[in-house]
Amino acid sequence: MIRARELCKTYRVHRRPPGLLAALRSVVRRRYEEVRALVDVSFAIAPGERVGFLGPNGAGKTTALKILSGLLYPTSGSVTVGEFVPQERRSEFLHMITLVMGQKQQLLWDLPPAETFAMNRALFDLPRREADATQKELVDLLEVGPLIGKPTRQLSLGERMKCELVAALLHRPRVLFLDEPTIGLDVSMQARVRDFIRRYNESTGASVLLTSHYMEDVAALCPRVIVIDKGHLIYDGDLRTLARRIRPEKRITMHFSSLPAPGELDRLGSCVARSELQATLAVPAAQVTEAVRAALGRLPISDISVEDPPLEEIMQEFLGGQPANGRVKSA
Amino acid sequence: MSRRFGGEGLRAARHVLRAYPALLRVGFADMFAYRAELVVWLLTMNMPLVMMALWTAVAANGPVGRFGRREFVAYYLGMLLVRILTGSWLVWELTMEIRHGTLAPRLLRPIHPLWAHSAMQLAAVPLRAVLVSPLVLILYWAAGERLPLHEPERMAIAVAAIAGAWLLLFLIMAIIGTLAAFVESALSIFDVWLGAQAVLSGYLVPLELLPPWVSHAARYLPFRYILGFPVETLIGLESTTSALHELGVQCLFIAGSLVATLALWRAALRRFAAFGG
């Protein structure tokens with residue numbers, strides 16, 4: 001469905017130090033620097049897949065999404081989405097995709113979202129009955145019925161983002177590029193948007209490419225991740241495999257009914273968090289069963305849970321340990 | 001191959017025709033959201049009135065060329081009318097969209113962004129026409145016998161010249177706005193354009209009152225076809241034959257600007273960095 005081959009993107013950026021003198025000097029002599037946003041990035045995504053783009057700020061994730069959606073031209077390399085080259089911006093291609101940018105909006109600012117929906121229906125040349133049915137379905141799923149008649153500028157950030165999703169999905173795209181779709185939303189709203197994206201993917205079979213700074217989004221939605229750092233693809237594969245490779249351990253979180261005996265916890269694993277009646281231990285994955293059994297036998301446990309280490313920690317360790325020039329790994 | 005492109009072109013044209021009423025409707029709704037700005041903008045259009053006061057005072061002692069007091073009144077009221085009806089804000093909009101990256105959502109829709117922009121700008125014309133209708137009455141008083149009200153042919157040329165002026169200005173603004181993909185100071189370029197337009201379009205002074213070499217040069221430049229030519233046609237300073245010829249020249253400028261707009265747009269898309277987000 002989506003194929004990128006040796007994708008490179010280099011930006012030419014004007015640089016100057018701060019200050020009046022530097023400003024005057026830059027009038028006569030401008031200094032430019034080349035920034036390599038993507039370097040030989042290759043990957044393929046199958047129909048219906050949900051893939052997360054991960055990486056620190058400025059890694060090249062958004063650049064990749066913009067190239068895939070045809071907004072940017074790659075400096076070299078090639079990309080196809082379906083049978084289309086995105087940069088040709090063929091009408092059929094634009095009908096097939098959508099790009100939701102958490103920091104950019106397509107809703108008309110001073111008019112109610114319903115006006116944007118009506119405009120998109122016309123621009124995408126959608127049959128009225130079909131578009132009305134899709135709009136109703138999306139509006140119901142995202143629970144924005146009472147909002148779509150209010151001017152966009154009077155909606156909260158979360159309300160706007162949900163309406164953005166309706167506007168972006170009205171033409172039922174088969175490929176969703178989502179760039180920080182939950183940015184600025186509260187936890188419950190994030191969960192709702194995530195749930196909505198998963199349901200859309202499952203019901204329509206659309207491919208989803210997602211970038212997000214909220215690891216929860218990626219962990220909850222994307223079985224596969226592509227990690228980009230300094231423009232280089234450094235991992236492409238299963239999220240759990242990456243987690244196991246970086247942190248081959250589980251986290252056992254225990255709540256106690258009374259204080260455990262001193263030293264008992266240390267025998268089970270290394271303690272990563274501790275309060276009076278709660279402790280979290282890091283335990284090698286192979287020893288989890290034994291550790292849980294021992295904890296239940298020896299400690300005053302009121303509640304116990306076993307989880308993977310947080311994705312934030314894994315990514316921090318993974319990206320912190322990468323060589324500067326990047327290196328391609330795959331699972 | 002050419003059949004494929006021909007078929008695609010026809011399909012795209014049909015698509016635009018089907019989508020355009022919706023774009024106009026949204027533009028109309030949007031314009032009502034900005035009605036206060038529209039009134040403020042109209043109030044800033046006072047330069048022709050200032051020039052009218054100045055030149056009618058000059059003409060009190062006798063006509064200047066073909067212009068007596070009533071001719072000056074008719075000329076500057078016509079200028080105000082054409083300026084208001086053909087005014088566009090595309091260059092500011094486009095420059096901002098390119099520099100801030102907000103052009104991106106428009107590029108993701110299967111219709112050229114300039115179609116959407118044109119609808120937004122055209123949607124403002126009916127309300128502007130209503131607001132300037134008192135001007136038409138004064139114009140009728142000042143130059144009733146010169147207005148082409150009973151000459152359908154001249155009336156059609158005047159209307160076409162005003163429509164052409166709107167389109168020419170729109171395309172020139174599209175060209176200069178698109179330059180924002182290449183240079184940081186596209187609006188400064190437009191300031192230079194406005195300076196030249198003020199003189200060479202007849203906005204400040206009727207071209208025939210300028211030194212002959214300036215008025216002659218102005219006939220080979222696009223500025224006159226944005227303001228001076230439609231005004232001269234409207235108030236009867238151009239004969240029907242001459243106006244028809246000038247209309248042809250205006251069409252040539254429009255065609256040239258259209259080709260330049262499309263070529264520059266194509267090049268600008270390669271440069272567009274979709275900054276922000």
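Begin by selecting B:Leu168, which, when its neighbours within four places in sequence are left aside, is in contact with B:Pro222, B:Tyr225, B:Ile226, B:Gln250, B:Phe253, B:Ile254 and B:Ser257; two residues are in contact if their C-beta atoms, placed from the backbone, lie within 7 Å. Before going further, note that this is a predicted model, in which local features need a pLDDT of at least 70 and side-chain atom pairs count only at pLDDT 80 or more, while totals for chains, interfaces and linings use all residues. Residues are numbered from 1 along each chain as its sequence is written, and chains are lettered from A and ligands numbered from 1 in the order in which they are written.

**The cores**

B:Leu168, together with A:Leu209, A:Val225 and B:Ala165, is among the residues with the most contacts inside the largest nonpolar core, which has 150 residues. A nonpolar core is a set of buried Ala, Val, Leu, Ile, Met, Phe, Trp, Tyr and Cys residues joined through C-beta atoms within 7 Å, and a residue is buried if 20 or more other C-beta atoms lie within 10 Å of its own, exposed if 12 or fewer, and partly exposed in between, with C-beta atoms placed from the backbone. Now select residues 152-178 of chain B, which form helix 10, the element that gives the most to this core, with 16 residues. Helices (H or I, at least four residues) and strands (E, at least two) are DSSP runs, numbered from the N terminus. A second, separate core has eight residues, including A:Ala279, A:Leu281, A:Ala295 and A:Leu299.

**Where the chains touch**

Colour the two chains separately and look at the place where 26 residues of chain A are in contact with 23 residues of chain B. On the side of chain A that touches chain B, the elements giving two or more residues are helix 2 (61-68), helix 3 (91-96), strand 5 (97-101) and helix 4 (113-123) of chain A. Helix 4 of chain A gives the most to that side, with five residues. The predictor gives the complex an ipTM of 0.82 and a pTM of 0.86.

**The six-stranded sheet of chain A**

Show chain A as a cartoon and find the open sheet of six strands in the order 5-6-7-3-8-9, which has mixed pairing; two strands pair if DSSP finds at least two bridges between them. Strand 5 and strand 9 (232-238) of chain A stand at the edges with a single partner strand each, so one side of each is left without a neighbour in the sheet.

Are the residues of strand 5 of chain A buried or exposed? Five of its five residues are buried: A:Ile97, A:Leu99 and A:Met101 point one way from the strand, and A:Thr98 and A:Val100 point the other way. Strand 5 of chain A pairs with strand 6 (residues 175-179) of chain A in the parallel sense over five bridges, and A:Ile97 stands opposite A:Val175 in strand 6. Next select strand 3 (residues 50-54) and strand 8 (residues 224-229) of chain A, which pair in the parallel sense over four bridges, with A:Gly52 opposite A:Val225.

**Two loop residues**

Select A:Lys230, which is found in the loop between strand 8 and strand 9 of chain A and has a positive phi of about 50° although it is not a glycine. Most residues other than glycine have a negative phi. A:Lys230 counts as buried because it has 20 C-beta neighbours inside 10 Å. A:Asp125, in the loop between helix 4 and helix 5 (128-142) of chain A, also has a positive phi, of about 55°, but A:Asp125 counts as partly exposed, with 18 C-beta neighbours inside 10 Å.

**The four-stranded sheet of chain A**

For the last stop, find the open sheet formed by four strands in the order 11-12-10-13, where the pairing is antiparallel. Strand 11 (270-275) and strand 13 (301-307) of chain A stand at the edges, and each has a single partner strand, so one side of each is left without a neighbour in the sheet. Strand 11 and strand 12 (residues 278-284) of chain A pair over five bridges, and the bridge partner of A:Ala273 in strand 12 is A:Thr280. Finally, select helix 11 (residues 288-298) of chain A, which packs on the sheet and touches strand 10 (249-256), strand 12 and strand 13 of chain A.

Methods: Axes are lines fitted to C-alpha atoms, for helices over the stretch in contact, and angles run from 0 to 180 degrees between N-to-C directions.
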